[in-house]
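Let's take a friendly walk through one part of a protein model. Have a look at the structure first, and then read on.

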Amino acid sequence: MTESFRRSGEYENPEQSQGHGDQAAYPQQQASSPVNPEWPPPPAHEPVQPVTVEPGTTVWPGQASQASAPAGFAADGAHGGGDGHGGGTAVMTAVPAEPAPPAHRKRTRGPIALLATVAIVAAAIGGGTAYGIQELTGNDTVASSSTSTNVVPSADKGTVAGVAKAVSPSIVEINATSNAGESTGSGVIITSDGEIITNNHVVSGASSIKVSTSDGKTYTAKVVGTDSKKDLALIKLEDASGLTVATLGDSSGVQVGDTVVAIGSPEGLTGTVTSGIVSALNRDVTVSTEESQGQGGGSGQWPFEFGGQQFNGDTGSSTTTYKALQTDASLNPGNSGGALIDMNGNIIGINSAMYSAADATSSSSAGSVGLGFAIPINTVKSDLPTLRAGGSDS
């Protein structure tokens with residue numbers, strides 16, 4: 001006797017199932033499994049219609065809870081013909097294939113993980129870069145409103161002595177001889193082969209120029225270019241090399257109250273150092289553009305106008321006005337053309353004028369009263385190409 005399957009409602013009553021035990025409900029689909037000789041009789045009630053729970057899956061009532069059995073297994077755990085209990089063959093299930101996990105889930109993990117990794121790496125690089133910059137620049141640099149360049153050695157940072165030691169080799173004394181007489185001024189070395197910035201009124205009309213460096217050497221110099229409108233001049237030493245070059249700062253960052261140092265040769269006293277603060281910005285200073293007046297008529301004074309008044313003599317009929325830094329660092333005749341320096345050792349201005357007593361008639365009676373003026377170094381830097389080309393007065 002072989003196991004057979006019957007269609008729903010094939011018998012009118014349960015007893016008919018015994019008289020047709022050898023008839024297959026689906027002749028074309030004979031089961032190959034042997035029939036269990038202890039197969040129980042059909043239930044003593046009318047067969048009921050199967051219940052469809054989902055497309056492709058059909059179960060008989062009472063077996064619905066078993067429809068969720070694992071793929072390949074019949075109800076009651078029977079497999080491959082069953083174990084003869086619980087009517088396992090009454091379940092006809094077309095088990096749907098288990099859906100594959102969405103491929104995009106795995107793929108999205110890659111970009112997300114990659115982005116996270118990139119973010120972590122970028123943060124690490126950013127932090128490393130910031131650390132590297134901090135290590136390169138140093139976090140103990142003396143605060144400066146003009147520039148971050150530090151010329152002063154670490155051991156002398158923030159001291160006037162440190163600034164003087166670092167910058168003095170770049171400051172020279174200038175002695176100019178002209179038909180009007182002799183004048184003494186100062187200058188700043190800007191190239192190792194002897195280019196020097198000074199005031200126009202120091203060298204204007206000079207027939208000969210002698211320059212002394214801080215180490216006592218003396219050079220002959222010639223005028224390269226002059227700009228009387230800015231009271232600037234560029235001279236060049238002859239047969240000079242290996243000179244100590246000054247560092248030009250940024251005067252746009254200078255603030256009132258900044259500590260400054262002035263170096264020059266007042267009254268021929270080479271390498272004199274004074275200090276003070278920046279006391280005002282953008283002062284309109286008017287100076288003479290005439291050669292004789294520019295040199296003070298041989299008196300050594302620096303005639304200039306400020307606020308509609310003349311100081312240190314008559315500036316003459318030909319004048320020019322520029323914006324200046326005001327300082328209370330002591331300036332005297334001979335400081336003209338020298339350096340005004342910030343505490344990092346950068347040149348922020350070229351000293352150009354100073355106020356003296358109204359009754360001063362000679363250099364011996366003139367003196368500093370805490371009102372000095374300097375041409376901002378940014379003005380100097382912007383004028384250098386013109387000066388090297390011969391100046392605006394050529």
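## A glycine in a loop

Gly205 is partly exposed, because its relative accessible area is 37%, and partly exposed covers values between the buried limit of 20% and the exposed limit of 50%. Keep in mind that this is a predicted model.

Where does Gly205 lie? You can find Gly205 in the loop that lies between helix H4 (200-203) and S7.

Now turn to strand S4, residues 171-178. Six of the eight residues in S4 are buried, so this strand is mostly covered.

S4 runs antiparallel to strand S5 (residues 181-189), and eight bridges join the two. A hairpin of two residues leads from S4 to S5. Within this pair, Ala176 stands opposite Ser183 of S5.

S4 also pairs with strand S7 (residues 208-212): the two are antiparallel and joined by five bridges. Here Ile174 stands opposite Val211 in S7, while Glu173 stands opposite Ser212 in S7.

## The whole barrel

How many strands make up the closed barrel? There are six, in the order S4-S5-S6-S9-S8-S7, and their pairing is antiparallel. On average, neighbouring strands of this sheet are turned by 40° against each other, direction ignored.

Helix H6 (residues 377-388) packs on the sheet, where H6 touches strands S6 (195-198), S8 (218-227) and S9 (232-237). The direction of H6 makes about 60° with that of S9.

Key. Residues numbered from 1 in each chain as written. Predicted model: local features only at pLDDT ≥ 70, side-chain atom pairs only at ≥ 80, totals over all residues. Heavy atoms only, no water. Buried < 20%, exposed > 50% of the residue type's maximum accessible area, 1.4 Å probe, protein only. Helix = DSSP H or I, 4+ residues; strand = E, 2+ residues; numbered from the N terminus. Pairing = 2+ DSSP bridges. Axes fitted to C-alpha atoms, helices over the stretch in contact; angles between N-to-C directions. Contact = heavy atoms within 4.5 Å.
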